[in-house]
Structure formats: structure tokens, C-alpha cells
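This briefing goes through the packing of one protein model, taking the nonpolar cores, the sheet and the aromatic contacts in turn. Please keep the structure open while reading the points below.

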Amino acid sequence: PWLAHLTGAQFRGVTTVLSDGVIALWIRCLDANRDPIPWLKDAGSYSGASPLKYNSAAGFNPAISGTPNSFQYTDMNSTVPANRLPDSVEITIVTVDSQTLLRQATSIPATMPAVSGPGEVPAAVTQFMNTLSASNITTAQVFSTTVRLTNRAN
């Protein structure tokens with residue numbers, strides 16, 4: 001809400017460029033076991049939630065540490081507390097240098113490969129990089145990091 005009260009000049013004061021040349025971005029929510037959290041639209045009673053990927057207001061049982069793929073959404077009318085963050089988020093970006101952007105902007109794909117679930121992101125990154133390579137864009141770099149969230153669901 002405080003952000004809504006800022007004027008254009010004030011807003012420019014609280015923004016910054018994180019990276020130039022970012023041509024693709026993927027973000028996946030991960031559970032405590034570092035497994036991708038299933039998309040909400042694929043979960044039983046939330047099936048009408050398409051195209052939602054993750055919604056902190058949805059009820060869920062966090063993953064059981066050491067038990068792969070144990071994250072479970074609960075019934076949407078459940079009394080299970082919601083408004084919880086995932087354990088971590090994985091951020092993957094593809095960047096190119098400014099010269100490549102100037103010379104080959106029209107060769108850069110206008111869209112990223114479609115994915116139908118969080119488990120498909122690594123293959124989509126590979127597919128995107130292969131498309132760049134086929135267009136003779138050889139300076140693209142992939143950067144990926146996982147950020148653990150402090151107010152995560154435990």
C-alpha cells in the first residue's frame with residue numbers, strides 16, 4: 001500500500017536496474033527438499049485456479065524434510081493456515097551483452113518455451129539456449145540461484 005502513494009519522482013528513487021541484457025527469466029517455488037512445488041492449477045480442489053502457479057493464500061501442508069515430493073495442497077475450504085511462503089525460490093535468467101542486443105535483437109526469440117509444470121523449467125532453459133545457438137547468438141549466459149525465504153512455511 002505505501003508504494004501506491006509514491007509519485008513518479010519518488011518512485012524512481014526506490015527503483016534500480018538489477019541487470020542489463022536479461023532476455024529470459026524463470027522462477028520456481030521449491031519446498032524444503034528443494035523439489036519444485038506443484039502448480040496450484042494441478043491440485044485437486046484448486047483445478048479451476050488455472051493459470052495459477054503458486055498462491056500463498058492456498059492451504060497446503062509443507063514438505064516433510066527428507067521425503068521427496070511430499071508437499072501437498074489441502075482442500076480449498078480447509079482450516080489449515082495459509083499465507084505461507086515456499087521454502088525457497090529458484091531464479092534462472094539468460095543474459096546477452098549489449099552488443100549482441102544491438103546487432104541481433106531480431107534473432108532473439110520473442111517468447112520463452114512454454115512449460116506445463118515446474119519440473120519442465122530446466123528443459124525449457126536448454127531449449128531456449130539451443131534456439132539462441134541456432135540463431136548464432138553465442139554470447140548468452142545462464143545464471144541460476146536459489147534464495148531461501150525467511151518467512152517460509154515450516
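The model discussed here is predicted.

**Nonpolar cores**

- The largest nonpolar core has 13 residues, and those that touch the most other members are Ile23, Trp26, Val94, Val96, Phe128 and Leu132.
- Two elements give two or more residues to this core, namely strand S1, which spans 22–30, and helix H3, which spans 121–134.
- Helix H3 gives the most to this core, contributing five residues.
- Another core lies apart from this one and is made of 11 residues, including Cys29, Ile37, Phe60 and Tyr73.

**The three-stranded sheet**

- Three strands form an open sheet in the order S1-S4-S5, and their pairing is antiparallel.
- S1 and strand S5 (141–148) stand at the edges with a single partner strand each, so one side of each has no neighbour in the sheet.
- On average, and with direction ignored, neighbouring strands of this sheet are turned by 15° against each other.
- Eight bridges join S1 to strand S4 (residues 88–95) in the antiparallel sense; Val22 stands opposite Thr95 in S4, while Cys29 has Val89 in S4 as its bridge partner.
- S4 and S5 are likewise paired in the antiparallel sense over eight bridges, and here Ile93 has Phe143 in S5 as its bridge partner.
- Strand S4 is mostly covered, since seven of its eight residues are buried.

**Helix H3 against the sheet**

- S1 and S4 pair in the antiparallel sense, and helix H3 packs on the sheet that holds them, touching S1, S4 and S5.
- The direction of H3 makes about 170° with that of S1.

**The aromatic pair**

- The structure holds one aromatic pair.
- Its rings belong to Trp26 and Phe128, with centres 5.9 Å apart and planes at 80°, so the pair is edge-to-face, an assignment that requires planes over 60 degrees apart.
- Because Trp26 lies in strand S1 and Phe128 in helix H3, the pair ties together parts that are 102 residues apart in sequence.
- Trp26 and Phe128 are both buried, and both are listed among the residues of the largest nonpolar core that touch the most other members.

Notes:
Residues are numbered from 1 along each chain as its sequence is written. This is a predicted model: local features need pLDDT of at least 70, side-chain atom pairs count only at pLDDT 80 or more; totals for chains, interfaces and linings use all residues. Side-chain values use heavy atoms; hydrogens and water are left out. A nonpolar core is a set of buried Ala, Val, Leu, Ile, Met, Phe, Trp, Tyr and Cys residues joined through side-chain atoms within 4.5 Å. Buried means under 20% relative accessible area, exposed over 50%, partly exposed in between (1.4 Å probe, protein chains only). Helices (H or I, at least four residues) and strands (E, at least two) are DSSP runs, numbered from the N terminus. Two strands pair if DSSP finds at least two bridges between them. Axes are lines fitted to C-alpha atoms, for helices over the stretch in contact, and angles run from 0 to 180 degrees between N-to-C directions. Contact means heavy atoms within 4.5 Å. Rings of Phe, Tyr and Trp (its six-membered ring) pair if their centres lie within 6.5 Å; planes under 30 degrees apart count as stacked, over 60 as edge-to-face and the rest as tilted.
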